[in-house]
Amino acid sequence: MGIFDFLFGKKETETLPQAKETKDMSMFCYQCEQAANGGCSVVGVCGKQPDVAALQDLLIYSLKGIAFWANKAREAGKKDQEIDRFMIDGLFATVTNVDFDANEISKLVNEAVRLRGKAKALAGDVDGEIPQAAQDWALPASIDEQVKLGELHGVKDYSVDDDIHSVREIITYGIKGYAAYADHAKILGSESDEIYAFTHKALAAQLDDSLDLMANVNLALEAGKINYATMELLNKAHTDAYGHPEPTPVQLGTKAGKAILVSGHDLKFLEELLKQTEGTGVNIYTHGEMLPAHGYPGLKKYAHLVGNFGGAWQDQHKEFQQFPGAIIFNTNCIQKPAESYKDRLFTWGLVQWPGVKHVDGWDFSEVIKKAQECDGFEDAPGQEILTGFGHNAILGVADKVIEAVKGGAIKHFFLVGGCDGAKPGRNYYTEFVEQAPADTVILTLACGKFRFNKMDLGDIGGIPRLLDVGQCNDAYSAIQVAVALANAFECEVNDLPLSMVLSWYEQKAVAILLTLLYLGIKDIKIGPSLPAFITPNVLNFLVENYNIGPISTAEEDLKQILGA
Ligand code: SF4
Ligand code: SF3
């Protein structure tokens, strides 16, 4: 299958339970891999309703307006912490599977309009034309009217050619992706002015029709650079707070007692919950992207952090029904809850679902109370898997790894990771890992790992063949490993016996891909399908400059990579 067939060929359609409700409105969203037939236009496959889609579009439009003024203010040496922080929250709220609540998005739009005024006042007199988004447009009071306004300012509202628009969307999604990581770092007290400054500059640039295609491409690569800096900031915040992850067995069975399941990515949240549940008899289980938390000394010291439950986000309907306790999301990916567990489901932070209880702030007593009312688990020990192979742990045995490569015991490394999703085509990643020869090592990260992290792949001279590097943001760690190997072998990362086979779903994956491109990494294979927001010309650019290619079959790709 050629790359263009892959992009524009018939997409697999799927119906998730939450995609059935429709309202009499139109929408257009194509920001994630799940986008139906090039873009969700009736209702999101993710469950996003047209009113929420329009309000999110209006929020992004408003953020661009703020960015115009905040960027001008920064050029004049002025900045504002409230504005900077709000940009990050507003962007993160529009990431796929985060906020499905029209009222909450509307509140953010109201706040954005207020802060647009604050940013304008900060910037003072400005020469030249003021783009429409940055002008003093009034926000209607009613949500219905706000929705109508949002419908006028969606992704289809653009005045540049298709290729520039495509790159602008790539930039927006990359920024949304790193906003998630910046938010986690911010919660741990780490912020970076470089991130804030670029966010304003890049969003303001989207209002500047004089920028040509290459100027936009350069901004996209700069977004990759900023995502790298953000992942580094978050890695430092995590390791300063909880120590470096260390290889740790994680129990997949259950322990007798009441239980809370934590889904999302936020480690500070988990720490606070662990503190508040200590001595209460309530055990804590991780779900999805929280799994790597078990590797951090500062978190695994809590004896009641007992195990990992379930797989990746798309299986939550089935798995949450079976969890006899309270469940809480601190970030993506939430899906429309089934009635069978809705009353014991909570959200926190930017995650919202209409009708689901939201915990504001850091008092989790309501969640703990709910867990105590539920049945809880019986003792049922199960399989153990390993996590905690951050760069510090892997590089701690670098001599052994280098020796194994030089001696021929390790022939190739694969980074197989990224987001998971519901499509059947994602079995590719399971098959790829299954079929990878015994003299290869698999590094993995993010929720895509749940497709193969229970396999016993054995070890090579004591080095496990499957190394869980961590969450999606721990792509930073994987990059450190690659750079250290390249230094040890005195070559470029692209010359290492290392191949990246990535899966994408939401906008954090876009940010990470931009980082890899910024770092000049070539020959990446990506799937299960390519983004609908990439035009043929932009795709050509990526193929010509980076040799990015779509996944084909595990067999064919392994043969092509290993030359066997
Ligand atoms: Fe569709 Fe993805 Fe947008 Fe949801 S986030 S509406 S699934 S493209
Ligand atoms: Fe998964 Fe949602 Fe992206 Fe952090 S939890 S990787 S999809």
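**Entry 1: Ile105**

I started with Ile105, which sits in helix H4 (residues 102–123); helices (H or I, at least four residues) and strands (E, at least two) are DSSP runs, numbered from the N terminus. This is a predicted model, where local features need pLDDT of at least 70, side-chain atom pairs count only at pLDDT 80 or more, and totals for chains, interfaces and linings use all residues. Residues are numbered from 1 along each chain as its sequence is written, chains are lettered from A and ligands numbered from 1 in the order in which they are written, and side-chain values use heavy atoms, with hydrogens and water left out.

Is Ile105 buried or exposed? Ile105 is buried, at a relative accessible area of 0% (buried means under 20%, exposed over 50%, partly exposed in between, with a 1.4 Å probe and protein chains only). I then listed its contacts (heavy atoms within 4.5 Å), leaving aside neighbours within four places in sequence: Val52, Leu55, Gln56, Leu59, Ala93 and Asp99.

**Entry 2: Aromatic rings**

I looked up the aromatic pairs and found 25 in the structure. Rings of Phe, Tyr and Trp (its six-membered ring) pair if their centres lie within 6.5 Å; planes under 30 degrees apart count as stacked, over 60 as edge-to-face and the rest as tilted.

One of the pairs is Phe269 with Phe364, tilted, at 4.8 Å centre to centre and 55 degrees between the planes. Where do Phe269 and Phe364 lie in the chain? Phe269 is in helix H9 (residues 267–277), while Phe364 is in the loop between strand E7 (357–359) and helix H13 (365–373), so the pair links distant parts of the chain, 95 residues apart. Both Phe269 and Phe364 are buried.

Next I checked Tyr428 and Phe432, another tilted pair, at 5.8 Å centre to centre with 40 degrees between the planes. Both belong to helix H16 (residues 427–435) and are four residues apart, about one turn of the helix. Tyr428 is buried at 4% relative accessible area, and Phe432 is buried at 0%.

I also noted an aromatic cluster made of Phe28, Tyr30, Tyr173, Trp504 and Phe533. Lys156 lies over the face of Phe28, 4.4 Å from the ring centre (a charge sits over a ring if NZ of Lys or CZ of Arg is within 6 Å of the ring centre and within 35 degrees of the ring normal). Arg116 lies over the face of Trp137 in turn, at 4.7 Å from the ring centre.

A reminder to myself: most residues other than glycine have a negative phi, and most peptide bonds are trans.

Which kind of peptide bond runs from Asn332 to Cys333? That bond is cis, with omega near 20 degrees, and Cys333 lies in the loop between strand E5 (326–329) and helix H12 (339–342). I found another cis bond from Gly527 to Pro528, with omega near 5 degrees; Pro528 is in the loop between strand E15 (525–527) and helix H19 (536–546).

Then I turned to phi. Ala446 has a positive phi of about 70 degrees, although it is not a glycine. Ala446 lies in the loop between strand E10 (440–445) and strand E11 (459–460), and it is buried at 1% relative accessible area. Glu490, also not a glycine, has a positive phi near 50 degrees. Glu490 is in the loop between helix H17 (475–488) and strand E14 (498–503), and it is exposed at 74%.
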